[in-house]
Amino acid sequence: MIASLAVVALFVFASQARAGNDGHAAFERLKSFAGHWEGTGPDAAKLTADIEVTSGGNAVLERFQVLEDGKPMSMITMYYVDGDTLKLTHFCDAGNQPTMAAQYDSASGTITFDFVSGTNLKPNDMHMHHAVFTLADANHLNETWTMYKDGKSVGAETMSLTRGK
């Protein structure tokens with residue numbers, strides 16, 4: 001019986017380690033994104049992302065800018081560790097601020113964020129609900145953001161970014 005419990009405990013611990021519950025490791029990975037990035041989004045829209053480590057190394061600020069339908073759009077996302085969980089709060093052009101918690105797959109370098117709460121957000125409002133970041137190498141970053149409205153996905157947008165000079 002004790003041996004069975006030990007095997008189950010070992011399996012659960014190993015699953016949690018693979019699931020990416022180490023927010024500190026994910027945050028360190030995210031810090032490596034610091035710099036100026038340029039790329040394209042949906043409909044070949046030109047975009048930039050400036051990512052900087054701030055607040056004594058306790059936060060990462062991403063300043064995202066894109067020209068959408070001829071109008072400039074700018075958004076801010078703050079990344080930080082809360083306990084042992086990497087979180088983000090996205091200050092959206094839509095006027096709301098969703099917060100998401102991350103899971104980190106260190107083997108692939110993928111950080112996956114899922115919605116946990118939001119401010120200035122009514123239940124059926126459009127908002128960012130899910131995001132996946134993949135650093136292909138030191139100079140290529142893909143960010144895929146999924147929007148929700150009325151409790152369901154209304155589409156995802158992928159931004160392919162290259163580190164600027």
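This is a predicted model: local features need pLDDT of at least 70, side-chain atom pairs count only at pLDDT 80 or more; totals for chains, interfaces and linings use all residues.

The chain has 165 residues, and 33% of them count as buried.

**Stop 1: the aromatic rings**

Select Tyr79, Phe113, Phe133 and Trp145 and show their side chains; together they form one aromatic cluster. A search of the whole structure turns up four aromatic pairs. Let's zoom in on one of those, Tyr79 with Phe133: the ring centres are 5.9 Å apart and the planes sit at 70 degrees, and since an angle over 60 counts as edge-to-face, that's the label this pair gets. Now colour strand β4 (residues 71-82), where you'll find Tyr79, and strand β8 (residues 127-137), which holds Phe133. The two residues are 54 apart in sequence, so this pair ties together separate parts of the chain.

**Stop 2: a charged patch**

Leave the surface on and select Asp43, Glu68, Asp69 and Asp93, which form a negative surface patch. Click on Asp43 in particular. It's in the loop between β1 (35-40) and β2 (46-54), and its relative accessibility of 81% makes it exposed.

**Stop 3: Ala94 and Met128**

Next, pick Ala94, in the loop between β5 (85-91) and β6 (97-105). With 57% relative accessibility, Ala94 counts as exposed. Try the distance tool from here to Met128: the two C-alpha atoms are separated by 9.6 Å, while the residues are 34 apart along the chain.

**Stop 4**

Most residues other than glycine have a negative phi. Which way does Asn120 go, positive or negative? Its phi is positive, near 55 degrees, and it isn't a glycine. You'll find Asn120 in the loop between β7 (110-119) and β8, where it is exposed at 59% relative accessibility.

Finish by selecting Asp150, another residue that is not a glycine but has a positive phi, of about 55 degrees. Asp150 belongs to the loop between β9 (140-149) and β10 (152-163). Its relative accessible area is 44%, so Asp150 is partly exposed.

Note on methods:
Residues are numbered from 1 along each chain as its sequence is written. Side-chain values use heavy atoms; hydrogens and water are left out. Rings of Phe, Tyr and Trp (its six-membered ring) pair if their centres lie within 6.5 Å; planes under 30 degrees apart count as stacked, over 60 as edge-to-face and the rest as tilted. Helices (H or I, at least four residues) and strands (E, at least two) are DSSP runs, numbered from the N terminus. Patches are made of residues with over 30% relative accessible area and no salt bridge: like charges are joined within 9 Å, nonpolar side chains (Val, Leu, Ile, Met, Phe, Trp, Tyr) within 5 Å. Accessible areas come from the Shrake-Rupley method with a 1.4 Å probe; for residues, only the protein chains shown count as cover. A salt bridge is a side-chain nitrogen of Lys or Arg within 4 Å of a carboxyl oxygen of Asp or Glu. Lys and Arg count as positive and Asp and Glu as negative; His and the chain ends are not counted. The place of a charge is taken as NZ of Lys, CZ of Arg, CG of Asp or CD of Glu. Buried means under 20% relative accessible area, exposed over 50%, partly exposed in between (1.4 Å probe, protein chains only).
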